[in-house]
Amino acid sequence: SSWWSHVEMGPPDPILGVTEAYKRDTNSKKMNLGVGAYRDDNGKPYVLNCVRKAEAMIASKKMDKEYLPIGGLADFTRASAELALGENSEAFKSGRYVTVQGISGTGSLRIGANFLQRFFKASRDVYLPKPSWGNHTPIFRDAGMQLQAYRYYDPKTCSLDFSGAMDDISKIPEKSIILLHACAHNPTGVDPRQEQWKELAAMVKKRNLLVYFDMAYQGFASGDINRDAWAVRYFIEQGINIVLSQSFAKNMGLYGERAGAFTVICSDADEAKRVESQLKILIRPMYSNPPVNGARIASMILNTPDLRKEWLTEVKGMADRIISMRTQLVSNLKKEGSSRNWQHITDQIGMFCFTGLKPEQVERLIKEFSVYMTKDGRISVAGVTSGNVGYLAHAIHQVTK
Amino acid sequence: AYRTDEGQPWVLPVVKKVEQMIANDNSLNHEYLPILGLPEFRANASRIALGDDSPAIKENRVGSVQSLGGTGALRIGAEFLRRWYNGNNNTATPIYVSAPSWENHNSVFMDAGFKDIRTYHYWDAAKRGLDLQGLLNDMEHAPEFSIFILHACAHNPTGTDPTPEQWKQIAAVMKRRNLFPFFDSAYQGFASGSLDKDAWAVRYFVSEGFELFCAQSFSKNFGLYNERVGNLTVVGKDADNVQRVLSQMEKIVRTTWSNPPSQGARIVATTLSSPQLFDEWKGNVKTMADRVLLMRSELRSRLEALGTPGTWNHITEQIGMFSFTGLNPKQVEYMVKEKHIYLMASGRINMCGLTTKNLDYVAKSIHEAVTKVQ
């Protein structure tokens with residue numbers, strides 16, 4: 001007999017499982033609108049030019065493969081912090097922050113979650129927006145935290161339930177942890193406006209909450225890295241010492257290289273050093289030290305003026321294509337004769353769109369049209385092209401008319 | 001980390017070649033790997049550990065999880081065991097780590113939630129060798145179903161491995177007492193120069209019908225330290241059990257790093273799946289192993305020639321990157337402060353730090369430390 005006879009079969013991952021089902025489908029018209037990976041207008045993965053250039057530069061330097069420090073590549077972590085906080089940030093300039101390299105967004109979130117479990121004794125409760133990225137809940141749970149929620153998305157309007165959010169947040173017990181999506185909310189694509197962010201900041205300050213920002217799409221949402229980081233920077237300026245997780249998977253197309261960072265804004269540089277030492281103690285028994293390749297590429301891009309400029313242009317290009325697909329989807333739905341209000345498709349921002357489709361409708365899209373998305377009706381707009389937007393509009397109209 | 005005779009890091013020639021191939025291949029991109037990793041990497045990595053003719057592979061009862069180095073493989077295995085081994089919730093299941101061991105073993109299992117981490121006798125300081133009786137005794141008296149971390153070869157930090165006969169005795173006790181073997185294999189090929197020889201213990205356990213985990217690292221034998229290339233090999237009773245185990249490991253991976261880094265796995269997979277590159281790699285590995293073996297024999301012969309008090313055969317009998325010299329903390333302090341030779345307080349030296357240029361100096365320094373400091 002086996003040690004594992006009682007081990008249950010785990011359910012397929014809801015998000016990554018979509019791609020796996022898509023791959024098995026033989027329909028030539030199939031569309032993968034599941035996982036958030038950018039595609040060009042031919043539906044192909046896009047390796048950024050600045051990435052290729054950075055790789056060539058790195059190869060020519062013939063570097064060795066010695067272990068990185070536990071906290072990661074210093075040039076990378078410093079540049080990541082500066083990208084998020086802004087070069088004029090007082091917190092950045094004074095050094096009252098620590099940034100460690102993490103395994104893309106997930107790994108950075110997990111380091112932060114473990115850190116809070118160990119050192120944030122005031123509360124076990126992490127408040128997520130309703131809905132949030134599916135993996136947030138298990139990450140925090142596996143780290144030993146408890147999950148709560150605040151209202152966020154209004155399914156009736158397919159937009160932000162701001163009064164609901166403010167109402168719920170006003171009742172969160174002091175010193176709880178609240179997670180906010182910095183920009184391009186996943187899965188809804190619904191972001192607060194700047195005025196609303198200001199009110200949110202005032203409220204979390206009033207409630208004395210620890211703010212955890214997840215920023216996976218800086219640059220990718222509006223096309224402007226400063227605009228996308230506005231909320232993060234505003235909160236810090238308001239004296240809120242946030243913690244922050246960053247991913248370079250989407251905005252640099254470095255998905256499989258796992259480049260990310262976790263930052264803690266501290267009272268002063270001394271506190272930052274102490275926090276850093278504890279982060280290292282958490283990282284060492286997880287994977288010892290992080291992988292170099294993605295961090296080196298990202299660092300080369302961020303720290304080389306020409307490459308950085310090129311990167312900003314390419315990120316804008318990706319964001320612009322997404323925005324254009326949103327516009328085309330809506331116009332195609334009108335052309336199909338749909339009488340429903342699809343304005344949320346263009347109001348929403350970033351890679352994802354909460355279509356408002358119900359699970360039964362999603363199932364029909366998958367089974368009858370080979371259009372793959374997650375059960376919550378979330379589509380990755382990045383998977384839409386000028387070549388298939390018509391088919392998508394047709395399929396959506398068929399299941400919603 | 002390995003050093004050349006010039007004291008420099010060494011990127012393996014086969015790695016340079018394969019990296020160039022990867023760079024020139026425009027069909028490659030940076031898309032996400034599957035959660036469990038690059039399929040070609042996983043299959044080849046487990047094949048390297050278990051052998052081409054492994055009955056477990058033939059019977060389709062081997063699973064693999066690409067991990068962030070050996071540490072990552074250990075952590076995923078530990079997290080899984082804590083959740084699923086021998087019923088659920090194993091926070092109280094004893095974990096046995098050798099005395100001494102790599103210090104991170106303790107932290108990995110502790111952070112995975114195990115509350116009862118114990119040591120088993122291993123290093124006999126008096127005879128500078130394996131305390132087999134102590135080890136077997138600990139296994140006899142360990143609670144049934146305890147988990148034992150075993151070093152597949154080149155024990156870190158002592159460099160002292162059980163002989164095949166001793167491994168057989170260890171396996172017999174573990175089988176009888178229902179103890180779970182979790183192998184840590186960080187030096188396959190690097191220890192003796194032979195992949196098969198260094199995997200003998202793991203393969204023996206498999207042939208004895210054990211279900212086991214083996215955390216593999218490709219940091220040393222591929223010199224891919226900072227790319228974080230590792231693999232957790234799972235051997236189960238049958239395919240169905242292994243499938244379910246992998247599905248749960250997937251969930252653990254998803255909340256730890258989502259999916260593993262691509263670059264290092266590509267390098268290893270490309271190398272292992274090409275007969276020509278595979279031979280080239282084996283040659284590179286042997287180069288490293290041979291240099292270490294040479295340094296061992298040269299150091300020992302110098303100490304014996306100097307007439308340094310004590311016996312020094314353990315220097316050549318030990319294997320792998322490290323050697324437990326037997327120097328005591330005061331003698332180590334002398335080495336560090338007076339001779340500027342850096343070694344651990346335990347007396348552990350990294351043989352890779354020795355070169356033809358510094359052998360004489362190191363031998364003389366050890367001689368001084370032993371004769372001047374008690």
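**Close-ups of a two-chain predicted model**

**View 1. Where chain A meets chain B.** In this predicted model, 61 residues of chain A are in contact with 62 residues of chain B, contact meaning heavy atoms within 4.5 Å. The area buried between the two chains is about 5,300 Å², with carbon and sulfur atoms giving 53% of that; buried area here is the accessible area (1.4 Å probe) that two parts lose on being put together, summed over both. On the chain A side, W3(A), W4(A) and K65(A) lose the most area to chain B, together 18% of what that side buries.

View 2. Seven salt bridges are counted between chain A and chain B, each a side-chain nitrogen of Lys or Arg within 4 Å of a carboxyl oxygen of Asp or Glu. One to look at is R39(A) with E31(B), whose side chains meet at 2.8 Å, N to O. There are also 38 residue pairs in polar contact between chain A and chain B, both residues at pLDDT 80 or more. (A polar contact is a pair of N or O atoms within 3.5 Å; within protein, one must be able to donate a hydrogen and the other to accept it, and residues adjacent in sequence count only if both atoms are side-chain atoms.) Elements giving two or more residues to the chain A side are α2 (49–61), α5 (104–119), α6 (136–142), α11 (269–287) and α12 (292–303) of chain A. The largest share, six residues, comes from α11(A). Helices (H or I, at least four residues) and strands (E, at least two) are DSSP runs, numbered from the N terminus.

**View 3. The open sheet of chain B.** Seven strands line up as β1-β9-β8-β7-β6-β2-β3 in chain B, with mixed pairing; two strands pair if DSSP finds at least two bridges between them. β1 (62–68) and β3 (117–121) of chain B stand at the edges with a single partner strand each, so one side of each has no neighbour in the sheet. From one strand to the next the twist averages 25 degrees. β2 (residues 95–99) of chain B runs parallel to β3(B), joined by five bridges, and A99(B) sits opposite H121(B) in β3(B). Helix α4 (residues 69–84) of chain B packs on the sheet, and its direction makes about 155 degrees with that of β8(B). Axes are lines fitted to C-alpha atoms, for helices over the stretch in contact, and angles run from 0 to 180 degrees between N-to-C directions.

**View 4. Two domains in chain B.** Chain B splits into domain 1 (32–273) and domain 2 (289–372), with bounds from an automatic or database domain assignment. Their C-alpha centres lie 30 Å apart, and about 1,300 Å² is buried between them. On the domain 1 side, R128(B), P157(B) and F190(B) lose the most area to domain 2 of chain B, together 43% of what that side buries.

**View 5. Two domains in chain A.** Here the assignment gives domain 1 (14–46 + 320–399) and domain 2 (67–303). The two bury about 1,400 Å² between them, 67% of it on carbon and sulfur atoms. I349(A), F352(A) and F354(A) supply 38% of the area that domain 1 of chain A buries against domain 2 of chain A.

**Notes.** Residues are numbered from 1 along each chain as its sequence is written, and chains are lettered from A and ligands numbered from 1 in the order in which they are written. Local features need pLDDT of at least 70, side-chain atom pairs count only at pLDDT 80 or more, and totals for chains, interfaces and linings use all residues, while side-chain values use heavy atoms, leaving out hydrogens and water.
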